Structure formats: structure tokens, C-alpha cells
Amino acid sequence: MARRAGVGLVLAAAGLLFATSALTSGGTDLRSESADLGSVVAERSRQNAARAARVSALRAEVDALSRTGADAAGDPLDDPLDDPALGAASGALPVAGPGLTVTLDDAPDSVRPASASPDDLVVHQQDVEAVVNALWAGGAEAMVVMDQRIVSTSAVRCVGNVLVLQGRTYSPPYSITAVGDVGALRAALESSAQVSLYRQYVAAYGLGYQVSTGEDLHLPAFDGTTTLTHAKAGAA
């Protein structure tokens with residue numbers, strides 16, 4: 001009797017594992033050799049981009065309907081973004097003006113010093129963050145990484161050899177563009193210890209680092225959401 005009970009428990013546990021595996025895989029083979037994390041990330045990125053475009057269109061529609069309703073009621077809405085400085089700082093308005101673009105890239109295949117490890121030859125998350133932080137410190141009025149506006153809730157992440165930003169993925173080279181006083185931005189890059197460290201790897205291992213300027217750069221408005229999904233209080 002005890003043996004039958006044990007067999008029953010084993011079968012029940014096996015059934016639970018099979019059910020869990022089926023739910024997790026969504027009908028796919030979890031151990032398939034064709035499973036590719038990069039492909040999964042790229043597909044999710046495409047889905048996120050499509051959803052972001054839809055959210056942006058719906059937001060514009062809601063804003064238009066809100067203004068129409070307020071005008072019909074004789075009570076026009078006060079738009080805080082009528083203040084260009086506030087609109088630029090929040091990312092809600094596009095920004096144009098002089099500035100510079102920093103481009104970071106992996107070392108070319110032809111550059112493989114014997115002393116280099118694979119990690120020495122690629123751009124890392126902290127390298128992108130170092131440039132972003134330096135440009136903010138240099139007084140950047142607005143910034144984009146690749147084609148996305150950076151706001152207070154933006155977070156740069158690296159998954160393998162790709163950059164993940166606000167649900168979209170990018171491969172190197174990575175570009176960071178800032179609008180602001182060009183001299184001050186250049187000075188901030190030169191004085192940043194983290195950027196200086198990256199440039200040592202540029203010299204030693206052939207990583208890419210290029211700074212170009214422009215007199216009339218155009219940065220798009222932020223088209224994502226600024227809603228925080230979770231927060232953690234600091235220790236008292």
C-alpha cells in the first residue's frame with residue numbers, strides 16, 4: 001500500500017513538472033538547439049517598438065480630445081509644457097540646437113591583441129553610462145541614446161553584446177547625442193575618469209570612440225512611459 005502511494009506521488013509530481021514545463025515553454029521545446037536568446041530579445045524588441053508607437057498615437061489622441069473638450073466647455077487647459085524649458089527637461093518636447101555625438105564601438109575583428117580577453121574588445125554597459133553621465137555633468141539640455149530620448153526613468157542595460165534601452169535592442173556602434181554648449185560638453189568628457197578609462201581601452205585594444213559636433217541637432221520627444229513599475233525605500 002505504501003509503495004502504491006509512493007508511485008502515486010511520483011506520478012503526480014511528474015505531471016506537475018510536465019504541466020509547468022508546457023506553460024513555461026508556451027508549446028516550444030525548452031531544450032531545442034534552435035533556441036536563441038538573441039532572437040527572443042530581438043522579437044520582444046520589435047513587439048515593444050510596435051506597442052510604443054501605438055501608445056504614442058493614443059496619447060496624442062487623448063491630448064487632442066482633452067483639449068477639444070476643454071475648449072468646448074470654455075475652460076481651456078493650462079499646459080505646463082507651454083514652458084519650453086520644462087518641456088525640454090521632462091523630455092516631452094523635441095529639442096534642437098548645437099551639440100555633439102559620441103559614438104562607441106566594439107574593436108574590429110582584425111584587432112585581436114594576444115593579451116586581450118573577449119571582454120576587453122566590446123563596449124560595456126558602464127561605458128555607455130560613463131558617456132551619458134559625463135554629458136549630463138557637462139550641462140546637456142537634452143540627450144538621446146541611439147534613437148531614443150533619455151529621461152529620468154531611462155536605464156541602459158546590456159544583454160550579451162546588445163544594448164537594451166526602454167524595451168528595444170541595439171547592436172554597436174552605439175551613439176549618444178546631447179544638445180548643449182559644445183565646449184562644456186567636450187570638457188566634461190575630457191575630465192570624466194570613467195570615460196578616460198574607456199579611452200585607455202580604445203588605445204590598447206582598438207575600441208571605437210569618436211566625437212562629432214553639429215550646429216543644428218534635432219532630438220525627438222520621449223515616446224515611452226514614465227510610470228514607475230516598482231520602487232524600493234532606502235534604509236532609515
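Predicted model: local features only at pLDDT ≥ 70, side-chain atom pairs only at ≥ 80, totals over all residues.
Residues are numbered from 1 along each chain as its sequence is written, and side-chain values use heavy atoms, with hydrogens and water left out.

Strand β1 (residues 95–105) and strand β7 (residues 174–179) pair in the antiparallel sense over 6 bridges, where pairing requires that DSSP finds at least two bridges between two strands; strands (E, at least two residues) and helices (H or I, at least four) are DSSP runs numbered from the N terminus. Leu 100 likewise stands opposite Ala 178 in β7. With strand β8 (residues 208–219), β1 pairs over 10 bridges, again in the antiparallel sense, and there the bridge partner of Ala 96 is His 218 in β8.

These strands belong to an open sheet of 5 strands, ordered β3-β2-β7-β1-β8, with antiparallel pairing. Because β3 (148–149) and β8 stand at the edges, each with a single partner strand, one side of each is left without a neighbour in the sheet. Helix α5 (residues 182–191) packs on this sheet, touching β1, β7 and β8, and its direction makes about 25° with that of β1; contact here means heavy atoms within 4.5 Å, and angles run from 0 to 180 degrees between N-to-C directions, the axes being lines fitted to C-alpha atoms, for helices over the stretch in contact. Helix α6 also packs on the sheet, touching β1 and β8, with its direction at about 125° to that of β8.

The helices also meet one another. Two packed helices are described by the angle between their axes and the distance between the axes. For α4 and α5 the angle is about 135° and the axes are 8 Å apart, which means that α4 is oblique to α5 (angles under 35 degrees count as roughly parallel, over 145 as roughly antiparallel, 65 to 115 as roughly perpendicular and the rest as oblique). The crossing of α4 past α5 is right-handed, a term used if the near helix is turned clockwise from the far one by less than a right angle, with left-handed standing for anticlockwise. Val 131, Ala 134, Leu 135 and Ala 137 of α4 make this contact with Leu 185, Ala 188 and Leu 189 of α5.

Helix α4 (residues 125–137) also approaches helix α6 (residues 193–205), their axes coming within 8 Å and crossing at roughly 135°, so α4 is oblique to α6. This crossing of α4 and α6 is left-handed. Here Asp 127, Ala 130, Val 131 and Ala 134 in α4 meet Gln 194, Val 195 and Tyr 198 in α6.

Within α6 lie Tyr 201 and Tyr 205, 4 residues apart, about one turn of the helix. A search of the whole structure finds 2 aromatic pairs; the ring centres of Tyr 201 and Tyr 205 are 5.6 Å apart and their planes stand at 45°, so this pair is tilted (rings of Phe, Tyr and Trp, its six-membered ring, pair if their centres lie within 6.5 Å, with planes under 30 degrees apart counted as stacked, over 60 as edge-to-face and the rest as tilted).

A further open sheet has 3 strands in the order β4-β5-β6, with antiparallel pairing.
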